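Subject: Structure for your review

Dear colleague,

Please find below the structure that I am handing over to you.

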Amino acid sequence: MDAKETKEHVLASLYGMACGDALGVPTSFYTPEMIRSKWGWIDTFYPPEKGHVFHDGLQAGEYTDDTEQSLALIKAFRKSGKVVPADIVTELLSWAERVRDKYASPLGPSTERALKAIMAGAPITESGRYGNTNGSAMRIAPIGLIHGMLDSSMEACVRDVYQSCIPTHNTTVCVAAASAIAWAIAVALRGEKDLDVIVAQASRAALEGAKYGYPIASPSISRRIEWACSVVRSYGSNPKKAMDELYDYFGGGDLSADSIPTAVALFLLGKGDVRMVDCYCANFG
């Protein structure tokens, strides 16, 4: 790709992320049954219900901490042209202060715990050692895009992913989850269109990512990606059945071990079509 085309692909990735984030604002942590009862099928932007535990205060079409933290990673990278954990902390703290009263709960549980520990004096090498939720993966797109443009190795990408995880999600499961997403994005940005190849690379990167961070009790992200995608392949001609099956096993919560394999599987189910994948994810909860 030439520079103009690369720029368009990078912007498309970030817009796709932000749109999916905003599309899922009203349905996050709702069950599929609750979503169907209230909206039928989500395919456009709605505001969150009054009293939503996380998103009350946002308007229809507004994105959340998922996108905000991705932008914070971009700002941190621009400071020195590399991934520096201390710069990420600075940007995350600046963002958290800016949105503190904007909506109900802009901070995810692992990020909130880690930032509070840092503000209390904990070193950033220790602050993220109990992370188990998906904040590391939800914000990781910029790292994947950078390494896609640099044409670097999977190992180099994962090393930078780990640097981004250190302050808030410094655990094997969270690094593995973020590595899967970042490397899949890098592979796709380079022009790979075979979805089976992309998800296989996500699984491979998760194995590499699991070598980093503090070990905590958790299943294998790599194995779960493979299994979740096998469910989609079994029911691919019946998307509703595939989604129901995935939900029965993984639910719609925020643990990395559940949500990242599900996200990869829904990407496969939607055949990589951005709008369809975003709709599947929003209606999954």
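R190 forms a salt bridge with D151, with 3.5 Å between the closest N and O atoms; a salt bridge here is a side-chain nitrogen of Lys or Arg within 4 Å of a carboxyl oxygen of Asp or Glu. This pair links distant parts of the chain, 39 residues apart: R190 sits in the loop between α10 (172–189) and α11 (195–209), and D151 in the loop between α8 (141–150) and α9 (154–165). Helices are DSSP runs (H or I, at least four residues), numbered from the N terminus. R190 counts as partly exposed at 32% relative accessibility, whereas D151 counts as exposed at 57%. The classes are buried for under 20% relative accessible area, exposed for over 50%, and partly exposed in between (1.4 Å probe, protein chains only).

Before I continue, two remarks on the basis of these values. This is a predicted model, in which local features need pLDDT of at least 70 and side-chain atom pairs count only at pLDDT 80 or more, while totals for chains, interfaces and linings use all residues. Residues are numbered from 1 along each chain as its sequence is written, and side-chain values use heavy atoms, with hydrogens and water left out.

Further salt bridges

By the rule above, the count comes to 12 salt bridges. One of them joins E68 to R98, with the closest N and O atoms 2.9 Å apart. Because E68 belongs to helix α3 (residues 65–80) and R98 to helix α4 (residues 85–98), this pair ties together parts that are 30 residues apart in sequence. E68 counts as buried, at 7% relative accessibility, whereas R98 counts as exposed, at 54%.

Another salt bridge joins the side chains of D244 and K240 (2.8 Å, N to O). These two residues are four apart in helix α13, which means that about one helical turn separates D244 from K240. D244 is partly exposed, with a relative accessible area of 26%, and K240 is also counted as partly exposed, at 49%.

Helix packing

The axes of helix α13 (residues 239–250) and helix α14 (residues 256–269) come within 10 Å and cross at roughly 170°. α13 is therefore roughly antiparallel to α14. Axes are lines fitted to C-alpha atoms, for helices over the stretch in contact, and angles run from 0 to 180 degrees between N-to-C directions; angles under 35 degrees count as roughly parallel, over 145 as roughly antiparallel, 65 to 115 as roughly perpendicular and the rest as oblique. On the α13 side, P239, A242, M243, L246 and F250 meet A257, D258, P261, T262, A265, L266 and L269 of α14, where contact means heavy atoms within 4.5 Å. By class, this contact of α13 with α14 has 10 nonpolar, one polar and one charged residues. For these classes, Ala, Val, Leu, Ile, Met, Phe, Trp, Tyr, Cys and Pro count as nonpolar, Asp, Glu, Lys and Arg as charged, and the others, Gly among them, as polar.

α14 also packs with α11, at an angle of about 175° and with the axes 10 Å apart, so α11 and α14 are roughly antiparallel to each other. L195, D196, I198 and V199 of α11 and V264, F267 and L268 of α14 make this contact. Its residues are six nonpolar, no polar and one charged.

Nonpolar cores

In soluble globular proteins, nonpolar side chains tend to be buried together. In this model the largest nonpolar core has 68 residues, of which I140, V161, I221 and L246 touch the most other members. A nonpolar core is a set of buried Ala, Val, Leu, Ile, Met, Phe, Trp, Tyr and Cys residues joined through side-chain atoms within 4.5 Å. α10 gives the most to this core, with 15 residues. L246 touches A228, V231, V232, G251, A265, L266 and F284, not counting residues up to four places away in sequence. A second, separate core of seven residues includes L23, Y30, I35 and A282.

Two loop residues

H169 lies in the loop between α9 and α10 and counts as buried, at 1% relative accessibility. Not counting residues up to four places away in sequence, H169 touches S110, T111, G128, G131, T133, G135, S136, R139, C174 and V175.

E62 is placed in the loop between α2 (32–39) and α3 and is partly exposed, with a relative accessible area of 23%. Leaving aside neighbours within four places in sequence, E62 is in contact with A22, V25, G57 and K102.

With kind regards
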